[in-house]
Amino acid sequence: MAGSWDESHELGSQSDDSFHYERQYVEPIYDAFICPLTKQIMRDPVTIENGQTFEREAIEKWFNECKESNRKLVCPLTLKELKTTDMNPSIALRNTIEEWNARNEVVQLDMAHKSLNITNSETDILQALKYVQHICQKSPSNKRIIRNADLIPLIVDMLKSSSRRVRRTTLETLRVVVENDDDNKEIMAEGDNVRTIVKFLSHEQSKERQEAVSLLYELSKLETLCEKIGSVNGAILILVGMASSKSENLTAVEKADKTLENLEKNENNVKQMAVNGRLQPLLTLLLEGSPEVKLSMASYLGELALSYDVKIYVAQTVGSSLINLMKSGNLQSREAALKALNQVSSCDTSAKILVHEGILSPLFKDLFAGPNQLPMRLKEISATILANVVTSDCDFDTIPVGPNHQTLVSEDTIHNLLHLISNTGPAIEGKLLQVLVGLTSSPVTLISVVSAIKSSGAINSLVQFIEAPQQDLRLASIKLLQNLSPNMGQELASSLRGTAGQLSGLVKIIAENIASTEEQAAAVGLLADLPKRDMGLTRQMLDEGAFELVISRIRRIRQGEPRRSRFVTPYLDGLVRVLSRITYVLADEPIAVSLCRDYDLTGLFVELLQANGLDNVQMVSAFALENLSQESKNMTKLPEIPKPGFCRSIFPCFGNQPVMSGLCRVHRGACSRKDTFCLLDGPALRRLVALLDHTNEKVVEASLAALSTMLDDDVNIDEGVTILCEVEGIKPILDVLVAKQSENLRGRAVWVVERLLRTEDIAYQVASDPNVSTALVDAFQHGDYRTRQIAEHALRHVDKIPNFSGIYPNA
């Protein structure tokens, strides 16, 4: 075909893929067809005054130039002056030219038809495609000629070419062919053609990708094709990605966005866009659509997995509309709205927005209405939404929800919730328990809920859920009881000590041989929060072997076994607190003493002092060591001093006092870490001293409490002071006194320092330290009664307060 095209048809620019071609005609061009001015074949020939014929547009331009430059009006061919600018159409000549063009175009189309074959050369195919573009751009009516010549399917076939230039030009040609021609769009979209075009969208950063999205945009203007485009797997996903891309060609981004706007005419496409992150069209339909469309969009919204930010956006945009839909009389609409609100309400910020929009009152009505008002499956969703929203930071004690201005924490509301919990199935019971968990998680609403539960006498009923077969129901009940324990600890302990076996149920959960779970962490946390001096509960735990199990779990965690779980830290914290209970009953429970010896609990708690980053574990361990060390003086076996012989009894000078070796310097008897829980045996004291520099004041207080057992009244205080000097504990103790601290810690520090100051060397050193003296004076002036008394004694040791005892004789 080379050399068979009109040179006036310039196809493309002077780029690598542009070219010119000459046109050969079936019939020769007559001179009369050519305009003398344009040298081109005339489309609209006209004759002027002197009989010369020109293209209308060209001669009009000539006349205008003569007028604008004030030249004489002359014929551009003869240059003879003209009297008028009148023009007469040369109809016969125009008809002849059109007939001539038509005969030639038939041949040219036939040539293009033959050239559009995948086996032809790249040059032939490109020339044919450019010719098709040219005649379509020349006249919109020519697009019908392309259609009637059956060229569209042939052009589409060129998309299979191995040449990138051919594929790109084909996409460009198809776009030109279908622009503003619905019939051509219908033909173009037949079969699998749309899917083929979509495939080109996956060609990252290519001109084919840009041409493909431009072509899809043209096709999407025809509403009947929107469904077909959307039905191609991955089409909407790719378009959404392109429309939101920051690296894509700006034109491609714009075309992708406009294509999606056109596709929004189809509901299924809108749903697909929502799945793929373009949610606004769905929300718009939910706000502005017909009742049927609103129902459809709300139903679909309830099935979507939404990200945190999207939930907030949805709540802000359509939260009020969903709540109104939820209040409608149509059960199907209510269900759709409830499911959507369930999705949206599951993050704190969006839940707070829904509360502000008034969701509580209709939820309250749905939950407490009779079964004829709302099916139980929808009550379950309502309960789930309520469980979601109560975790948000809202003033639930002030927001009215009932007809008599009740709030969520009003006594009758809590009673109704408790009644529902006892009279519904496990699914809704679990959700309502979660509602109470949320309400008891806030100090503001906790007291009201506790009061209502106490007045209802429901604690035994709540405890029974510990043994529920449903894991989520058990977890919700345990978390609720844990929240209640600070205010209802004794009631909970009494209930767990009952004959129903709930304590065994908790121990069973803790003992599960799996990595630490949320349920295990909650169960052990509940046990740990119960009053630690409740002898009855501790004895029952001893009888059931709970402490042996706890010790086993602590050792396994310390060995690194289940660290994969995110609940391992609260689980370990709870285990250590539960184990520490046993150290509070040592004086009254020989079984507890035996267990501490058998499992070397002193050594275990000393080891736990090094649980860096677990402040609570370190604190509880230090207090446990205080309890164990306090018991050491009662367990130390004092040596039996042999009776003196006859001579020595009469003449003491005949014999020296026997020297006993291997005795504890503080407890004056035979001691060991395992048997008598003595802190001198092993690294305990040094580790406790190291914790005096801890940033957590509670850890410091616990460590100081354990160290203070070296200075008790019933031990050798002088040796205790000496030992604290040996472990370099004196300065850290004084630093604790000097630092700003709580009243409890100051009281402990003053007590320990007073004991230290009984040693003259230390008193002499402290007397010259103004910081310590100032701290003691401050405690003497501002401490509680007991602290002031002890501070006074300490100040006397350093001569800051004179001792008047010798001045006034006893009465």
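Me: Which residues are buried in helix H15 (residues 291–301)?
Reply: Keep in mind that this is a predicted model. In H15, the buried ones are Val 293, Leu 295, Ser 296, Met 297, Ala 298, Tyr 300 and Leu 301.

Me: And what covers the buried residues of H15?
Reply: The cover includes H13, helix H14 (280–288), helix H16 (308–326) and helix H17 (331–344).

Me: Let's look at H13 then. Is Asn 269 buried or exposed?
Reply: Asn 269 sits in helix H13, which spans residues 267–275. Its relative accessibility is 2%, and buried means under 20%, so Asn 269 counts as buried.

Me: What does the side chain of Asn 269 reach?
Reply: That side chain gets to the backbone oxygen of Leu 263, at 3.1 Å.

Me: Which residues is Asn 269 in contact with, leaving aside its neighbours within four places in sequence?
Reply: With those neighbours set aside, Asn 269 touches Cys 226, Glu 227, Gly 230, Ile 236 and Leu 263.

Me: New topic: at what angle do helix H9 and helix H10 pack?
Reply: H9 (residues 207–220) and H10 (residues 223–231) pack at about 135°, and their axes are 8 Å apart. The two helices are therefore oblique to each other. On the H9 side, the contact is made by Leu 216, Leu 219 and Ser 220, and on the H10 side by Leu 225, Cys 226 and Ile 229.

Me: How do the residues of that contact of H9 with H10 divide?
Reply: Five are nonpolar, one is polar and none are charged. Cys 226 of H10 is also among the contacts of Asn 269.

Me: Last pair: how do the axes of H40 and H42 cross?
Reply: The axes of H40 (residues 743–756) and H42 (residues 770–782) cross at roughly 120° and come within 11 Å. That makes H40 oblique to H42. The crossing is left-handed.

Me: Which residues meet there?
Reply: From H40, Glu 743, Arg 746, Val 750 and Val 753 meet Leu 776, Asp 778, Ala 779 and His 782 from H42. By class, this contact of H40 with H42 has four nonpolar, one polar and three charged residues.

Technical notes
Residues are numbered from 1 along each chain as its sequence is written. This is a predicted model: local features need pLDDT of at least 70, side-chain atom pairs count only at pLDDT 80 or more; totals for chains, interfaces and linings use all residues. Side-chain values use heavy atoms; hydrogens and water are left out. Axes are lines fitted to C-alpha atoms, for helices over the stretch in contact, and angles run from 0 to 180 degrees between N-to-C directions. Helices (H or I, at least four residues) and strands (E, at least two) are DSSP runs, numbered from the N terminus. Angles under 35 degrees count as roughly parallel, over 145 as roughly antiparallel, 65 to 115 as roughly perpendicular and the rest as oblique. A crossing is left-handed if the near helix is turned anticlockwise from the far one by less than a right angle, and right-handed if clockwise. Contact means heavy atoms within 4.5 Å. Ala, Val, Leu, Ile, Met, Phe, Trp, Tyr, Cys and Pro count as nonpolar, Asp, Glu, Lys and Arg as charged, and the others, Gly among them, as polar. Buried means under 20% relative accessible area, exposed over 50%, partly exposed in between (1.4 Å probe, protein chains only). A polar contact is a pair of N or O atoms within 3.5 Å; within protein, one must be able to donate a hydrogen and the other to accept it, and residues adjacent in sequence count only if both atoms are side-chain atoms.
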